[in-house]
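Let's take a friendly tour of a protein model, starting with its strands and moving on to its charged side chains. Have a look at the picture, then read on.

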Amino acid sequence: MVATDEARETALVAARAAADKKAHEIVVLDVSDQLVITDCFVIASAPNERQVSAIVDGIEEKLRAVGVKPVRREGAREGRWVLLDFIDVVVHVQHAEERAFYGLERLWKDCPRVPFDGGDPGDTAGSGAQDADAAASVGDDQA
């Protein structure tokens with residue numbers, strides 16, 4: 001069984017919204033073979049609580065614009081690990097320290113990654129958006 005097209009599209013909107021807010025190491029996993037409660041996980045991280053909050057707000061705003069609202073939101077007050085449950089898609093936005101400690105993508109390593117245009121599905125060191133930002137800053141330094 002694979003994730004539904006609707007779940008994949010919702011996950012990709014969430015991943016792009018996270019990339020727009022400079023999230024790190026964005027990963028979209030198709031967990032539909034392993035879990036019956038959801039189809040996709042979106043995992044992203046940030047180096048501080050304020051950025052975690054900004055990423056969460058950005059994801060909710062973009063998904064609300066396409067008519068998708070979370071049924072559950074947990075961890076927003078602490079800003080260390082925020083979970084947004086959209087039924088078919090669960091978004092985890094974690095502080096970098098929580099991400100390294102819990103290693104969600106290691107737990108779900110057998111699940112296929114869903115490629116998205118904001119990052120390389122095989123890239124665990126960072127998203128494509130980060131690479132573009134790094135290239136832009138190098139270009140600025142040389143100008």
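Strand β4 (residues 81-85) and β5 pair in the antiparallel sense, with five bridges. Strands and helices here are DSSP runs numbered from the N terminus, with at least two residues (E) for a strand and at least four (H or I) for a helix. Two strands count as paired if DSSP finds at least two bridges between them. In this pairing, Asp 85 has Val 90 of β5 as its bridge partner. Three residues sit between the strands in the hairpin of β4 and β5, where Ile 87 takes a positive phi near 70°.

Strand β5 also pairs with β2 (residues 40-46), this time in the parallel sense over seven bridges. Here Phe 41 has Val 90 in β5 as its bridge partner.

## About the model

This is a predicted model, in which local features need pLDDT of at least 70 and side-chain atom pairs count only at pLDDT 80 or more, while totals for chains, interfaces and linings use all residues. Residues are numbered from 1 along each chain as its sequence is written, and side-chain values use heavy atoms, leaving out hydrogens and water.

## Is β5 covered or open?

Strand β5 spans residues 89-95, and seven of its seven residues are buried. Buried means under 20% relative accessible area, exposed means over 50%, and partly exposed lies in between (1.4 Å probe, protein chains only). Both faces are covered: one side holds Val 89, Val 91, Val 93 and His 95, and the other holds Val 90, His 92 and Gln 94.

## Charged partners

Side chains of opposite charge can pair when their charged atoms come close. A salt bridge is counted when a side-chain nitrogen of Lys or Arg is within 4 Å of a carboxyl oxygen of Asp or Glu. By this rule, the model has 10 salt bridges.

One of them joins Asp 30 and Arg 8 at 3.3 Å, N to O. Asp 30 lies in strand β1 (residues 24-30) and Arg 8 in helix α1 (residues 5-20), so the pair ties together parts that are 22 residues apart in sequence. Asp 30 is buried at 3% relative accessibility, whereas Arg 8 is partly exposed at 27%.

Another salt bridge links Glu 49 and Arg 80 at 2.7 Å, N to O. Glu 49 lies in helix α2 (residues 49-65) and Arg 80 in the loop between β3 (72-74) and β4, so this pair ties together parts that are 31 residues apart in sequence. Glu 49, Arg 80, Glu 97 and Glu 98 are linked in a network of salt bridges.
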